[in-house]
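Student: I have a new model open and would like to learn how to read it feature by feature. Could you walk me through it?

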Amino acid sequence: KVYTDYFYNESAFNTHDGGYIPMEVPDIPQQQLRIPELLHPDKETDTDMYYTLTAQEGETQLLPGAKTKTWGFSAPLLGKTIVLKNGKTIHMHLQNHLPEMTTFHWHGLNIPGPIEDGGCHAPVYPDGHRDIKFKIHQPAATVWLHAHPCPETAYQVWRGLAAPVIVQDDVESKLPFPRDYGVDDIPLILQDRHFHENNQWDYRADYDPDGVQGPTPMINGTVNPYFDVTTQKLRLRILDGANRREWRLHFSDDLAFTQIASDDGILPEPVHFTHLMTTCAERHEIIVDFSNYKPGDEVILYSDDTPLVHFRIHEFAPDNTTLPDHLVDIPDYEPDPDMPLHKVVMSGMDEWVMIDGKKFSMQRIDYKMPINKTQLWDISNTNDMNGGMIHPFHMHGLAFTIVSRNGKAPYPNEHGLKDVIAVNPDEHVVIKVRFTVPGVFMYHCHIIEHEDGGMMAQIQVYDPKEPDKKYDLMDHETL
Ligand code: C2O
Ligand code: CU
Ligand code: CU
């Protein structure tokens, strides 16, 4: 079966909103798609990996003429790709060479909060550094690293602080997927920007409390990119790295493609699509098969009518691998009888966004729950203003599974592990929450301006041996 629709409520898509900025590709020659370099470990043993990561300023040639002032992680823009292996202990030496405080948030890693997780309680000051250590215990997935200094996350991500992170394991490595990084396995970070005078970005000038958008698509930090296809099959690790934009993806000729993974791991079954919508911070790994094309052809990836990437087809060897119908088993847990349904309500738009009727407070714990217990959470979007909008709900510190959307089955590609779930206006999405590591973690809307605007709350996840453990939580003053 090949699905041909986007599933989401058409009326709630980005475009309905007064602040929507349509995209247009500037009239410049096509540029080769940037592929982030791999971050090399400083040292690697059988059990441990050591890395240094630097948040830094840089300059990037994005348009003809002046270079754009950009920020990145160990790179001028975005960041190097970090490859982590399940089971290993990771040592990160985090340095800040920016003129302001930042944090290093591992979006999608199930590691302790609030320090290792890198939310707003783990500042690294200018010229400062922080050493953290964590163990990877989760399946192969595409996750990411981004800045998270509340309430400046949106600004710093806009300036470029976002990098791909690939988790590998022994299950994924045995599946017949393309995995030659940069050749047939590439990240695709979807972002949009507004270029002002001299090709510079000006976040404050473009500010919109419902999320900053720009008219120019930027893919892996490339404007108007092409990619040379030299294999029949290509694996794209798509990340919506935009502050606010939703993307409605489809290829020329309505070429069908296969989704093999969602946010935090391989899907139980591959899902075939011609259209795919993604909201902020979600990841979708897809495999595209170019067998019906020949050298010289071009296949275009679009969002609505805007071309995002031109895939230039070259000579390739035939590839007859087929995917099994079943890819992986997703662990399932019955909700604990002593953990009744927990409700989370997202409401408002613009400056009025809230979770459970409250704005975020750094020192307030909004909910507590023990590790290794399973609970159903009902996440709703009240749609109480101007026809409402989709809010992508994200939780730190775990991967959850989707039980239902308004009592019905989740979308076909929502049967795997996720950490972001887009909730339509007037919808209740039920998810299964089970933390395995303790700590204080944030949960929030991932329209980053909503998160910064207070649509965020905190959970303390405790080990039953230490239910009242005290954490040092920053506040806006001590920052
Ligand atoms: Cu992408 Cu608080 O996270
Ligand atoms: Cu996160
Ligand atoms: Cu929101």
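**Reading the model, one feature at a time**

Tutor: Let's begin with a loop residue: Thr102 sits in the loop that links β8 (89-96) and β9. Keep in mind that this is a predicted model.

Student: Is Thr102 buried or exposed?

Tutor: Thr102 counts as buried, because its relative accessibility is 0%. The cut-off to remember is that buried means under 20% relative accessible area.

Student: Which side chain does Thr102 make a polar contact with?

Tutor: The partner is Gln156: the two side chains are joined by a polar contact of 2.6 Å.

Student: On to the metals. Which residues coordinate the copper ion (ligand 2)?

Tutor: For a metal site, look up the donor atoms, then ask where their residues sit. Here the copper ion (ligand 2) is coordinated at 2.0 Å by NE2 of His105 and NE2 of His394. His105 belongs to strand β9 (residues 105-107) and His394 to strand β28, so this pair ties together parts that lie 289 residues apart in sequence.

Student: And are those two histidines buried or exposed?

Tutor: His105 counts as buried, at 1% relative accessibility. His394 is buried as well, with a relative accessible area of 0%.

Student: How many residues of strand β32 are buried?

Tutor: Seven of the seven residues of β32 (residues 439-445) are buried, so the strand is largely enclosed by the rest of the structure.

Student: How should I read the pairing around that strand?

Tutor: As a general idea, strands of a sheet pair through backbone hydrogen bonds, either parallel or antiparallel. In this model, β32 pairs with strand β28 (residues 391-395) in the antiparallel sense, over three bridges.

Student: What is the strand order in the open sheet of five strands?

Tutor: Read across it as β25-β24-β27-β31-β29, with mixed pairing. β25 (354-355) and β29 (401-405) are the edge strands, each pairing on one side only. β29 and strand β31 (residues 428-433) run antiparallel and are joined by four bridges; one bridge to follow on screen takes Ser404 to Val430 in β31.

Student: And what about the open sheet of seven strands?

Tutor: That one has the order β1-β19-β18-β21-β16-β13-β14, again with mixed pairing. At its edges stand β1 (2-3) and β14 (216-219); each has a single partner strand, so one side of each is left without a neighbour in the sheet. Inside that order, β18 (residues 257-262) and β19 (residues 265-273) pair in the antiparallel sense over five bridges. Ser262 has Gly265, in β19, as its bridge partner.

Student: Now the empty space. How do I read that?

Tutor: Rolling a probe the size of a water molecule over the atoms shows where empty space is left. In this model the largest pocket holds about 420 Å³ of space. Its lining has 18 residues, and those nearest its centre are Pro331, Tyr333, Ala399, Leu417 and Arg434. By class, the lining divides into seven nonpolar, seven polar and four charged residues.

Student: Which strands each supply at least two residues of the lining of the second largest pocket?

Tutor: β18, β19 and β21 (283-289) do. This pocket has about 340 Å³ of space. Of its 18 lining residues, Lys233, Thr258, His272, Asp289 and Leu323 are the closest to its centre. The lining comprises 10 nonpolar, four polar and four charged residues.

Student: How many cavities of 30 Å³ or more does the structure hold?

Tutor: Three. The largest cavity has about 90 Å³ of space. It is lined by 14 residues, with Tyr8, Leu276, Met277, Tyr411 and Asn413 nearest its centre. Strand β20 (residues 275-278) gives the most to that lining, with three residues. The lining of the largest cavity divides into seven nonpolar, three polar and four charged residues.

Key: Residues are numbered from 1 along each chain as its sequence is written. Chains are lettered from A and ligands numbered from 1 in the order in which they are written. This is a predicted model: local features need pLDDT of at least 70, side-chain atom pairs count only at pLDDT 80 or more; totals for chains, interfaces and linings use all residues. Side-chain values use heavy atoms; hydrogens and water are left out. Two strands pair if DSSP finds at least two bridges between them. Buried means under 20% relative accessible area, exposed over 50%, partly exposed in between (1.4 Å probe, protein chains only). Donors are N, O and S atoms within 2.8 Å of the metal (3.2 Å for Na, K and Ca); water is not among the atoms, so sites may look incomplete. On a 1 Å grid over the protein atoms alone, a cavity is a set of points where a 1.4 Å probe fits but cannot get out, and a pocket is an open set with protein on both sides within 12 Å along at least five of seven lines; lining residues have an atom within 4 Å of a point. Grid points are joined across faces, edges and corners, and a volume is the space filled by probe spheres set on the points. Ala, Val, Leu, Ile, Met, Phe, Trp, Tyr, Cys and Pro count as nonpolar, Asp, Glu, Lys and Arg as charged, and the others, Gly among them, as polar. A polar contact is a pair of N or O atoms within 3.5 Å; within protein, one must be able to donate a hydrogen and the other to accept it, and residues adjacent in sequence count only if both atoms are side-chain atoms.
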